[in-house]
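Welcome! Open your viewer, get your selection tool ready, and follow along one stop at a time.

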Amino acid sequence: MYTLLFKSFFRTKIFLVSLMLLITVGTVSILIGKQYLVKQEKTIVAAQEFQKESVKRILKYNDKDIGLLLYYLKFTLVKKPANISAISIGQSDVNPLLQAVTIRGLEGQKYDTDFGNPSLLMSGNLDLGFVIIYLFPLVLIAMTFNLYSEEKELGTWRILAAQTSKKGKFLFNKLIVRILFVFAIFVFLMFLASGILQIPMNQNFWAIFFHSLLYLLFWSALCLFTVSLLKNSSFNALALISIWVVLTILFPAVVNNYVINKYQVPEALDAMVEQRDGYHEKWDLEKNATMAGFYEAYPQFNNYPVPEDRFSWIWYYGMQHMGDLAAKETSTEMVEKVKLRNVISEKIALFVPTMHAQLSFNSLAGTDMVSHLNFLKALTQFHERLRVDFYPRIFDKNPSDSVDWSNHKAKFYTLKNNFSWIYIMLPTILITMLITVFGLFNLRKL
Amino acid sequence: MRKNVIYLLAQQLCMDAIRSKVMGIASILMVFLLSFSVYSGWENYHDQNNTRDVIQGEVQESWENNPDKHPHRMAHYGSFAIRIKHILSVFDLGMENFVGNAVFLEAHKQNTVNFSEASMSTGLLRFGEVSLAMLLKVIVPLLIFYLGFATIARERENGTLKLLIGQGITRREIVFGKWLGLWSLSLLFLFTVFIVLLFFVVIESHDVMQAESPFRYTILLVSYILFFGILSAITILVSAFSKTAKGALVKLLGIWLLFVIIVPKSLQAIGYYLYPTPSKIEMETAVEHDLIKQGDSHNPDDPHFKAIKDSVLLANNVEKVADLPFNYGGFIMAKGEALSTKVYLEHQEKLYDVYNKQNNLERYSAFVNPYTAIKNLSMALSGTDFKSFLHFKGKAEAYRFKLAQEMNRLQMDLIPNKGKAGPNTISGDYWKKFPPFEYNFLSTTKVFKNEMISILALFLWGVLGVLGLLRLSTNLKAI
């Protein structure tokens, strides 16, 4: 019976259109992912080159004064790119891939953005994640909305009904054929992506793989349920497209607006001003106003003298650090707010498979908000290590060549990524099961 | 064509639609979404602008309260430019949340505009945002299709179309009556939104900065009326040329998906694919490279700066820079600032050219996709398009340049050269004399110029729609 169902399905126009659409757009999305990775590579090479060249150039004219040298020198920390991020580019186009910072105040450098075309940022990336979350459901809808109603409207249903006693089973099998077809395309695209983008088949890859399958099952269940209501084709098309619009556009957008408005982040602007003022006002104050705070933060430098009547690097870098300290509290509040936005979004997403899919794809691909915040945290530590390492050299007026500058290449930060299979899979499994049960129950009455 | 027949047909279509279930559900949904977007749009506009206004004020205050000091320290103290939202951003969020909001302005350096809402958001942002314009651009078109797909197709299936023609109603009257009916129906949603919006435009009309918003509002209204007319015409045409109502619906849904979701996004992605852009570090490296080629200010023996020095010494007829009648350090920094700014802006211009190329693919698609036309036009008029952002950025950069050069000038005029007697600081009164950063929106004339293509496309679509309907009036099949 399945052979026959497959055969008749393969002869439909919608089969060919869907096949073409998904394969084309899917391949395009993988190529876009490839381009994204190539651009990352290029940026990293440029950053490494930049670091090497600038050390050489700046060293040439500032070899006498290491304090001045380090005023100019930038040190780069790069998020180690993971190829899986090409599947779900997420927020990584908004947040920079790397940050090159001097050992002066970090707060004013930390949030510098990369260039991006806002039109593109707004329309979002056409990555494989998008194809899975938006287009696959549409194809499922297009193939199943008239599963029953078409037979009814063409009059073939009566012939069929006369020939079999298991009408519900027949419809169910027809649906299975279509779902299997969609699954086949999905599996093909995933392996194509894994090949072209050289994604290692690790836990994260399989988590995205199985979550996507589950997500497609969720939409299949919705289609099954709609079909099981036995309404006419127009009703089904209307209802399913409306559900699609609500789940992939309206509801997430409403939640997003709500979260953005409810948890506004004026702290971002405040911290920016506090850092500048915290640093600059020190120029006009007693040296002690700077040094007291600096010695408290770094008691190991207590015994370095600070001349009261003239400029000294210890005072200068102390002032720079005071700027960061002045903004610290507000800056921490800002991070907490952003985290809160994420927590609330994730909680609501548990009930909405589309949102849950998007957020967990991003998180598995390391392109979510949390990954970037972790990078910023690592950047802060990186900056601190550099400072603590360089401070005594500056304060002791070491010659510039006492440092082995070849050690100061661009450094990489590897994203840590822990996830729980249950957290990712369970919500969608439960919702899918619930809808399937209702759908099957309706079909039994047929 | 008899007017009263057309009105009657239009009225009948409206009444039928209003009684239908779709309309019931749609209205409830629209009321909810409308209230939500009004609430979130206004809150966002109001709160954010308040915060930004306060901070911009604080920035100016702290600038003015600086004590006497060396002017170059003030050039490094710098200032901030904070972007203010246009009142019509309550209507159309556009790129509002994807562009930065604040930039630190200091000597020697063009900083990025940071703290975009997107950089502080979760992945949900990519699902889009709800705004009044989003309802009109995305949701109402779908409703028009829902409400209108059956108009002619079903009448023909039921045989009532034949009856109408039999009763002496001309095909043209039927086509235009239905069109007018569907159009009026869609205007119901449009006017509701615009009446609410009018309220906001009026309460902000006292603000000089927003002075042009009533004019922008009117143009927006006219554009959307035209857009809905085009959509209604498309619906009627598809319905008339489809064998069954079901066929018409499926086609219209396909058109909606293509026009609103798939084509704009794909074209934007293809544009990005075709025209790659440099990352920030690549561009900064290129800028630095170009600068060093012209003259390396770090190099004490650099020929470019040496030549400047020699010519200045010659012109003033002195031997040493210390004997110059002005501060030489300030003079050199002014030269350096002018040079580096020029080089930076050249590179930035090139970058924006590439962005334009990336975007043009989608922009020109307005001639095949009316949604793109209204999308771009609506953003531009609401002050939330890329050009509006660039306008802000340009203003901020100009202010930064002015600030740095003013401080250099003060240094030249008032600070003695190295080795000469005299004060190393100048009075704090000079800071108070420097005017604060003031921002104004892009002029509406400029907006028109930027959006010529969208306006032209929308207009052509309008003509095409009417032509289509006229043609349909002659060969509408009754059976």
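Select the helices α10(A) and α11(A) and look at how they cross: the crossing is right-handed. Keep in mind along the way that this is a predicted model.

Two packed helices are described by the angle between their axes and the distance between the axes. Here, α10 (residues 203–228) and α11 (residues 233–262) of chain A pack at an angle of about 150°, and their axes are 10 Å apart. Because angles over 145 degrees count as roughly antiparallel, α10(A) is roughly antiparallel to α11(A).

Now show the side chains where these helices meet. From α10(A), pick Leu222(A), Cys223(A), Thr226(A) and Val227(A); they meet Asn236(A), Ala239(A), Leu240(A) and Ile243(A) of α11(A). By class, the residues of this contact are six nonpolar, two polar and no charged.

Next, colour the two chains separately and turn to where they touch. Here 67 residues of chain A are in contact with 71 residues of chain B. On the chain B side, helix α9 (residues 245–274) of chain B gives the largest share, 13 residues. That side of chain B has 38 nonpolar, 21 polar and twelve charged residues.

For the last stop, select Leu351(B), which sits in helix α12 (residues 328–364) of chain B. Is Leu351(B) buried, exposed or partly exposed? With 16 other C-beta atoms within 10 Å, Leu351(B) is partly exposed. Leaving aside neighbours within four places in sequence, Leu351(B) is in contact with Thr277(B), Pro278(B), Met283(B) and, from chain A, Phe115(A). Finally, pick Leu339(B): Leu339(B) and Leu351(B) are twelve residues apart in sequence and 19 Å apart in space, C-alpha to C-alpha.

Terms used:
Residues numbered from 1 in each chain as written. Chains lettered and ligands numbered in written order. Predicted model: local features only at pLDDT ≥ 70, side-chain atom pairs only at ≥ 80, totals over all residues. Contact = placed C-beta atoms within 7 Å. Helix = DSSP H or I, 4+ residues; strand = E, 2+ residues; numbered from the N terminus. Nonpolar A, V, L, I, M, F, W, Y, C, P; charged D, E, K, R; others polar. Axes fitted to C-alpha atoms, helices over the stretch in contact; angles between N-to-C directions. Parallel < 35°, antiparallel > 145°, perpendicular 65-115°, else oblique. Left-handed = near helix turned anticlockwise from the far one by under 90°. Buried ≥ 20, exposed ≤ 12 C-beta atoms within 10 Å, placed from the backbone.
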